[in-house]
Amino acid sequence: MKHFSKRHRTTAVVLAAVSLALAGGVLPAAAADGSPAKVQEYGSSGQGPVTPLSSADRLTASSIAPTITRSTVIARADSWVGIGLDYDWNGSYQGYRTDCSGYVSMAWNLDRSLTTDTFAGYGVTETISKSELKPGDALLDDDSGAGGHVVLFEKWADEAQSEYWGYEFTPSGVHHRRIPYPYFSGSGPYVPVRNTSVVDDAPSVPSGTVWDRSRSASGTWQSHAVQIDDNGDINAVSAAALPDGTLHVQTLVNGDVWDRTRRADGSWTSATKIDDNGDIDAISAAALPDGTLHVQTLVNGDVWDRTRSASGAWSSATKIDDNGGIKAISSAGLSDGTLHVQTLVNGDVWDRTRSASGAWSSATKIDDNGGITGVSAAG
């Protein structure tokens with residue numbers, strides 16, 4: 001039993017442009033001055049009862065809490081973002097209740113939609129510390145009804161661990177956003193919990209070695225590829241050609257970036273480590289007419305840019321995008337000296353430009369498909 005008093009739950013609000021049917025089909029009352037009703041932006045306005053999945057929906061949920069990897073939890077949570085689901089504790093989607101706890105039950109692939117006050121009672125969750133939080137864990141206010149709420153934890157949004165990226169279903173929709181730890185002020189208390197059936201993902205399998213195949217100016221492809229890097233632990237590659245006839249190939253090995261050069265005469269140099277960050281997830285590269293080479297790296301959802309001057313000196317890295325939710329990057333240099341870097345966020349593509357003078361613009365969304373999984377670019 002709890003021995004603390006519940007603080008009054010206050011919520012930030014946004015104006016509703018149209019009437020919104022809330023749980024049970026009840027419409028929100030208009031304000032006294034006749035202005036549009038307000039829609040709750042944070043937390044929960046209520047939950048339905050524990051709801052078992054139908055026999056058809058239980059095909060992938062063979063027990064109350066089947067074993068599931070952290071990446072799968074996040075992927076399942078992401079699948080409800082941006083598809084227009086309304087918060088309705090009497091409603092369902094894909095067999096799960098469309099409220100906060102139904103949403104997390106779906107992400108965890110439970111065989112029923114539990115509630116904030118039954119996750120522990122059914123043996124699904126255990127309390128953990130803040131320092132133990134990993135992707136797929138949650139922040140839980142285990143009160144019942146409208147007093148409870150649950151947020152799925154993805155990752156920390158800052159080094160101080162004062163904010164995190166979380167997934168939650170509130171009366172204003174399904175959100176993937178930065179949230180102050182443990183949750184927005186005026187509600188709670190929230191505690192970190194773990195679904196004991198969630199397991200760490202297996203270490204990523206190295207991609208292997210790098211081979212190069214040339215296409216002549218006449219359009220003929222070299223009959224055989226030539227191995228240019230036999231490291232065996234390479235996870236990703238990028239490349240860019242400079243105006244002096246050299247080709248630079250970057251490789252990602254255990255979170256670090258190496259650069260290898262093909263001279264104009266066709267001979268290859270040995271690789272040189274140009275970034276020892278250790279947490280890099282993806283790389284891209286682009287060359288500019290002034291002979292500079294730009295290499296972009298993706299670290300914890302943010303993009304950094306590192307420059308090699310025409311004389312061969314590497315600069316330190318500069319953060320050019322702190323979105324925190326970026327999944328992939330690409331880049332291309334144009335003949336006017338501008339550099340374009342594309343980022344993939346929630347299935348949409350954004351473009352950011354570096355002018356010939358070196359100034360970076362803000363990002364512009366260039367494709368809002370919502371289902372995009374990779375990007376590439378050419379100038």
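I began with the sheet: six strands make an open sheet in the order β8-β13-β9-β10-β11-β12, with antiparallel pairing. The edge strands are β8 (125-127) and β12 (173-180), each pairing on one side only. On average, neighbouring strands here are turned by 35 degrees against each other, direction ignored. For the terms: strands pair if DSSP finds at least two bridges between them. Helices (H or I, at least four residues) and strands (E, at least two) are DSSP runs, numbered from the N terminus.

I note the basis. This is a predicted model, where local features need pLDDT of at least 70, side-chain atom pairs count only at pLDDT 80 or more, and totals for chains, interfaces and linings use all residues. Residues are numbered from 1 along each chain as its sequence is written, and side-chain values use heavy atoms, with hydrogens and water left out.

**Inside the sheet.** I looked up β10 and β11. They pair in the antiparallel sense over four bridges. F153 stands opposite G166 in β11.

**Helices on the sheet.** Which strands does α1 touch? I found β10, β11 and β13 (191-195), and the direction of α1 makes about 120 degrees with that of β10. Helix α2 lies across β10, β11 and β12, at about 45 degrees to β10. Axes are lines fitted to C-alpha atoms, for helices over the stretch in contact, and angles run from 0 to 180 degrees between N-to-C directions. Contact means heavy atoms within 4.5 Å.

**α2 itself.** I checked its cover. Eight of its eight residues are buried. Buried means under 20% relative accessible area, exposed over 50%, and partly exposed in between (1.4 Å probe, protein chains only). The buried residues are C100, S101, G102, Y103, V104, S105, M106 and A107. Just after α2, N109 takes a positive phi of about 60 degrees.

**Cores.** Nonpolar side chains tend to be buried together in soluble globular proteins. I searched for nonpolar cores, that is, sets of buried Ala, Val, Leu, Ile, Met, Phe, Trp, Tyr and Cys residues joined through side-chain atoms within 4.5 Å. The largest has 29 residues, and W80, Y103, W108, F119 and L152 have the most contacts inside it. The elements giving two or more residues to this core are α1, α2 (100-107), β9 (138-141), β10 and β11. Helix α2 gives the largest share, five residues. I then listed the contacts of F119, leaving aside neighbours within four places in sequence. They are S101, V104, S105, W108, L110, L114, V124, T125, L140 and V150. A second, separate core has twelve residues, including L242, I280, A287 and L293.

**Aromatic pairs.** I searched the whole structure and got 13. Rings of Phe, Tyr and Trp (its six-membered ring) pair if their centres lie within 6.5 Å; planes under 30 degrees apart count as stacked, over 60 as edge-to-face and the rest as tilted. Y87 and F169 form an edge-to-face pair, 5.3 Å centre to centre with 85 degrees between the planes. Why does this pair tie together parts 82 residues apart in sequence? Because Y87 lies in the loop between α1 (70-78) and β5 (88-93), and F169 in strand β11 (residues 163-170). Y87 is buried at 2% relative accessible area. F169 is buried too, at 0%.

Next I took F153 and Y164. The pair is tilted, at 5.5 Å centre to centre and 35 degrees between the planes. F153 lies in strand β10 (residues 149-156) and Y164 in strand β11, so the pair ties together parts eleven residues apart in sequence. Both F153 and Y164 are buried.

Ring pairs also link W80, Y87, Y93, Y103 and F169 into a cluster.

**A charge over a ring.** The charged end of K130 sits over the ring of Y181, 4.5 Å from its centre. The cut-offs are NZ of Lys or CZ of Arg within 6 Å of the ring centre and within 35 degrees of the ring normal.

Last, I turned to strand β20 (residues 280-287). Seven of its eight residues are buried. Seven bridges join β20 to strand β21 (residues 293-299), and the two run antiparallel. The bridge partner of I283 in β21 is T297. The hairpin has five residues between its strands, and G291 in the turn has a positive phi of about 90 degrees.
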